[in-house]
Amino acid sequence: MKSFSYTKSDSVVLAVNEIAGDNAAKFIAGGTNLIDLMKENVARPRRLIDITRLPLDKIEDTEDGGLRLGALVTNADTAYNEQVEKRYPLLSKAILAGASPQLRNMATTGGNLLQRTRCYYFYDTATPCNKREPGTGCPAINGYNRIHAILGTSEQCIATHPSDMCVALAALEAIVRVTGNNGERIIPFAEFHRLPGDTPQIDTNLQADEIITAVDLPTKGFAKNYTYLKLRDRTSYAFALVSVAAALEMDGDEIKEARLALGGVAHKPWRNTEAEAMLKGKSATRENFQTVAEAIVRDAKGFGHNTFKIELAKRAIVHALKQAAEMEQ
Ligand code: SF4
């Protein structure tokens, strides 16, 4: 690990000024991903700015009836928050499907959004990797790619985003609040993470001088009919091969609205709103769910070791929708 300097910041404005003035600096909060990246020499910041003192550790109601998760609220505090459990149980379930209790006690809302891929080649500095060093190549495409993406890939990178929490936030249509030198702005969750394209080294649309301050949950929480289905190689402490956040608004057997987001299959939580719309006004039958699942994976592409994910994703979507539709409240 390279040596680095360490400072603490007491205000959002100061933190933004500090990060804007030093392109070799990084914010650190829970450190559950950044420390690993530093130990492996994948991240080599010259300076760490500790933001754990910033006043961003609250969960509060928003004026429009939603809920605001401060960027520094830990994943455990979010998952077990009474309002989140009651109004957004999909989010609680997704968070508790991820990592371990120790990690969830440290990991924060903002850090969860910014965690980097767990592609083995990305962490191995002895191998090339376009995400770590642009232009060097992507050994995963013709290498061992069991955990890699099947949707939204590029010739530059086929990595997946590892978060469970973000899959639920995508389905709930959360909003990311950020502050930078030009003031505050909001980023719809669907626009926060990027596909790899020709710039796989850039994971998100957060600018270099910006800090995440909160994630807002809209009023609608789909608390009656939802599920988070996570399929993985081990039953705990493993990243998703495929996960599905499914949320339905039902009127009897009729689907009024459907939300679906997939994890483990793309460089960002994967939504296909056209496929979701196919369920509107339909009854909750296996046939209708299968039609949607087919539509979602229509453009999927396997790379050998991960080709099984296409069928797995289809089955997971059908199963998750069935679970969500049949929930008894
Ligand atoms: Fe690097 Fe992406 Fe290829 Fe993995 S998939 S080796 S992160 S370029």
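Reader: Which residue stands opposite N225 in β10?

Author: L248 does. This is a predicted model, where local features need pLDDT of at least 70, side-chain atom pairs count only at pLDDT 80 or more, and totals for chains, interfaces and linings use all residues. Residues are numbered from 1 along each chain as its sequence is written, and side-chain values use heavy atoms, without hydrogens and water.

Reader: How many bridges join β9 and β10?

Author: General idea: strands of a sheet pair through backbone hydrogen bonds, parallel or antiparallel. Here, β9 and β10 (residues 242-251) share 7 bridges in the antiparallel sense. Pairing takes at least two DSSP bridges. Strands (E, at least two residues) and helices (H or I, at least four) are DSSP runs, numbered from the N terminus.

Reader: What is the strand order in that sheet?

Author: Read β9-β10-β11. This sheet of 3 strands is open and antiparallel. From one strand to the next, the twist averages 10 degrees. Angles run from 0 to 180 degrees between N-to-C directions of axes fitted to C-alpha atoms, for helices over the stretch in contact.

Reader: Which helix lies across β9, β10 and β11?

Author: Helix α13, residues 308-325. Its direction is at about 30 degrees to β10. Contact means heavy atoms within 4.5 Å.

Reader: Now the sheet of 5 strands. What is its order?

Author: Follow β4-β5-β8-β6-β7. This sheet is also open, with antiparallel pairing. β4 (59-61) and β7 (183-188) have a single partner strand each, so one side of each lacks a neighbour in the sheet. The average twist is 25 degrees from one strand to the next.

Reader: How does β4 pair with β5?

Author: In the antiparallel sense, over 3 bridges. β5 covers residues 67-70.

Reader: Where does helix α1 lie?

Author: Across β6 (175-180) and β8 (211-217). Helix α1 spans residues 12-20 and runs at about 130 degrees to β8.

Reader: Last item, the ligand. Which residues come nearest?

Author: C119, C129, C138, C157 and I158. They belong to a set of 14 residues around the ligand. A residue is near a molecule if one of its heavy atoms lies within 4 Å of it.
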